[in-house]
Every structure is written in C-alpha cells, then in structure tokens.
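Work through the exercises below with the model open beside you. Try each task before reading its solution.

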Amino acid sequence: MPFEKINNLKVYYEVHGEGEVIILLHHGFGCSKIWKNIYPDLVARGYKVMMYDRRGFGQSERGDDFQIFYESDRYRSESIKELRILKEILGIKECHLVGQCEGGVVGIDYSIKYSREVKTLTAASTQCFSDVPMTELNAMKFGKKYAYLEAELQAKMIEWHGEAAEINYNQFARYGGAYGKDCFDLRPVLSLVSCPTLVLYPDRSSIFDVEQSIAFYRHLPKGELAVFPKCGHNTYEQRPEEYRHTILDFITRNTKGEDSKVLPAMTCLA
C-alpha cells in the first residue's frame with residue numbers, strides 16, 4: 001500500500017500497468033476503491049492507471065484542520081496542487097484524466113492550470129451549475145444523517161473510509177469540497193479547457209438533472225457528450241462495461257485517430 005507525504009500528510013495511491021497514463025479521480029463520497037471494476041480493463045488495454053485518495057478520503061490522512069479545509073475556498077486550488085505534486089513524485093507528465101462527479105471538477109481545474117499535461121479529460125456525472133446554494137441542494141438531496149442510512153450504503157462508506165465512515169459521510173453530505181457551499185457554476189471557466197473533453201452523464205441521476213450535461217457540453221471548445229440510458233448517478237458502478245468502453249473509445253479517437261472496435265452504448269454522442 002504505497003503512500004507519499006504531501007504537505008506533511010500521507011496520501012494513498014496505486015499504480016497499475018504500463019503505457020499511456022490514465023489518472024482516475026474519485027467522487028465526493030468515495031476513494032480509489034470505487035474504481036475496482038474499471039481500472040483492470042484499462043490496464044488490460046495497455047494503459048498505466050494511477051488512482052489515489054484525495055486528502056481526508058479513504059486511506060489518506062485528514063489532518064487536524066480537515067473540516068476547515070474541506071469547507072474553505074482553498075479546497076479546489078489545493079486539490080490540484082496535491083495532484084500535481086503526486087504526478088511529479090511518480091514521474092508522470094502527460095496523461096488522460098477521468099473524474100467521477102466531484103473528481104470531474106478537479107479534472108477541469110487541473111486541465112485549465114496545466115493544459116499541456118492533459119491529453120484528454122472525461123467528466124462523468126459532474127455538476128455544471130446549481131440554481132441554489134449547495135447548502136440547500138445538499139440538504140434536499142442528502143437529508144439523512146449516516147445513522148439513518150440504509151445498511152448497504154453504510155457498509156459501502158465503511159469499505160471506503162473505515163472508522164471515519166460516519167464523520168466523513170455527515171461532512172460530505174452537508175456542503176464543501178469541490179462543489180463548495182454557495183451557488184456552483186463551471187460555465188465561466190469551461191471555455192478555458194483546451195483538451196478534448198467527454199461529458200459522460202446518466203439520464204436519471206437522483207442528484208443532477210440530465211440537462212446539466214447539455215450545458216456542460218455546450219460550453220466546451222472540444223466537447224463530446226455521452227448519455228447513458230436508464231442509468232443512475234454512479235455511472236461507473238451501474239454501467240461499468242459501457243463506462244470503460246465509452247472512455248476508451250473517446251481516448252482512442254482523440255489521440256490515435258482510430259475508431260474503437262467496441263461501440264459505446266448510449267442515447268447520445270454529439
């Protein structure tokens with residue numbers, strides 16, 4: 001279980017395979033374990049996969065001021081610094097980024113600041129904007145405290161975060177992180193993303209409406225849109241085969257000029 005010290009905190013990461021690098025960025029409730037049904041096929045297809053737990057998630061250390069950090073305006077900028085330092089330590093230069101939900105925000109921010117390092121970006125189930133402050137949206141979408149969650153979801157949080165499952169869930173469900181606490185809006189910065197970018201969305205997320213994906217896609221200079229039919233928010237979990245194939249097809253077409261042998265399953269690819 002490899003760790004690196006970043007800003008005096010241990011950050012957990014894994015590297016698998018050889019080839020062009022794909023970095024997987026987990027969502028705002030999980031950790032690198034969410035990728036267990038995704039990364040093996042990417043490795044089998046000839047890619048090196050790096051995935052890690054951002055500060056306070058999974059096996060990475062929280063630090064004494066994690067709550068203040070998580071709710072602060074520093075979160076997004078320090079998250080991309082964390083990724084940059086880890087890439088430098090591991091000798092990773094150019095790469096493909098794949099971010100699930102909040103991981104997609106980290107991917108957007110990184111692609112703008114370090115545009116020469118990112119070959120392609122995939123943002124899956126990532127919010128584009130909110131009409132209300134995130135404090136209100138999260139209260140509507142995540143009204144239950146950890147103690148009242150279904151046993152299956154509690155077990156998942158324990159698998160991801162161990163003894164910190166309850167404190168993490170209650171904090172993540174409140175507000176903060178990449179989406180912050182005020183009204184959230186990526187639209188003003190999406191025109192600055194210069195790499196080919198795939199917006200991958202489910203058609204029936206319980207958190208964000210599918211119309212979010214259209215706004216996201218329309219604001220990207222080199223955007224593509226894929227919408228999975230009859231799929232909920234956790235696209236990687238509900239449709240893992242289509243998830244892998246769609247991302248690999250996108251990467252192949254935009255870096256090798258080849259058509260993938262496996263066509264992705266979707267209602268829309270624009």
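**Exercise 1: After a helix**

Just after α7, Gly176 has a positive phi of about 110 degrees. Helices (H or I, at least four residues) and strands (E, at least two) are DSSP runs, numbered from the N terminus. This is a predicted model, in which local features need pLDDT of at least 70 and side-chain atom pairs count only at pLDDT 80 or more, while totals for chains, interfaces and linings use all residues. Residues are numbered from 1 along each chain as its sequence is written, and side-chain values use heavy atoms, with hydrogens and water left out.

Task: find which residues of α7 are buried, and what covers them.

Solution. 
- Step 1. Apply the cut-offs: buried means under 20% relative accessible area, exposed over 50%, partly exposed in between (1.4 Å probe, protein chains only).
- Step 2. List the buried residues of α7: Ala165, Asn168, Tyr169, Gln171, Phe172 and Ala173.
- Step 3. Look for the cover, which includes α2, α5 (134-141) and α6.

**Exercise 2: Two helix pairs**

Task: determine how α6 packs on α7, then how α3 crosses α4.

Solution. 
- Step 1. Axes are lines fitted to C-alpha atoms, for helices over the stretch in contact, and angles run from 0 to 180 degrees between N-to-C directions.
- Step 2. Read the α6 and α7 pair. Helix α6 (residues 151-161) packs on α7 at about 105 degrees, and the axes are 9 Å apart.
- Step 3. Name the arrangement. Angles under 35 degrees count as roughly parallel, over 145 as roughly antiparallel, 65 to 115 as roughly perpendicular and the rest as oblique. So α6 is roughly perpendicular to α7.
- Step 4. Find the contact (heavy atoms within 4.5 Å). From α6 come Met157, Ile158 and His161; from α7 come Ala165, Asn168, Tyr169 and Phe172.
- Step 5. Sort that contact by class. Ala, Val, Leu, Ile, Met, Phe, Trp, Tyr, Cys and Pro count as nonpolar, Asp, Glu, Lys and Arg as charged, and the others, Gly among them, as polar. The contact of α6 with α7 has five nonpolar, two polar and no charged residues.
- Step 6. Turn to α3 and α4. Their axes come within 9 Å and cross at roughly 70 degrees. These helices are therefore roughly perpendicular to each other.
- Step 7. List who meets whom. Arg76, Ser79, Ile80, Leu83, Arg84 and Lys87 in α3 meet Val105, Val106, Asp109, Tyr110 and Lys113 in α4. By class, the contact of α3 with α4 holds five nonpolar, one polar and five charged residues.

**Exercise 3: Charged pairs**

Task: how many salt bridges does the model have, and which parts does the Asp109 pair tie together?

Solution. 
- Step 1. State the rule: a side-chain nitrogen of Lys or Arg lies within 4 Å of a carboxyl oxygen of Asp or Glu. Side chains of opposite charge can pair when their charged atoms come close.
- Step 2. Count by this rule: 18 salt bridges.
- Step 3. Take Asp109 and Arg76, whose closest N and O atoms are 2.8 Å apart. Asp109 lies in helix α4 (residues 102-113) and Arg76 in helix α3, so the pair ties together parts 33 residues apart in sequence.
- Step 4. Asp109 is buried at 13% relative accessible area, whereas Arg76 is partly exposed at 27%.
- Step 5. Take Arg174 and Glu71, with closest N and O atoms 3.0 Å apart. This pair links distant parts of the chain: Arg174 is in helix α7 (residues 165-174), and Glu71 is in the loop between α2 (66-70) and α3 (74-90), 103 residues away. Arg174 is partly exposed at 40%; Glu71 is buried at 19%.
- Step 6. Look for shared partners. Salt bridges of this kind join Arg84, Lys87, Glu88 and Glu117 into one network.

**Exercise 4: Inside the fold**

Task: is Leu190 buried or exposed, and which residues does Leu190 contact?

Solution. 
- Step 1. Locate Leu190 in helix α8 (residues 187-190).
- Step 2. Read its relative accessible area: 0%, so Leu190 is buried.
- Step 3. Leave aside neighbours within four places in sequence. Leu190 then contacts Ile108, Cys128, Phe216, His219, Leu220 and Pro221.
- Step 4. Compare sequence with space. Leu190 and Leu220 are 30 residues apart in sequence and 5.4 Å apart in space, C-alpha to C-alpha.
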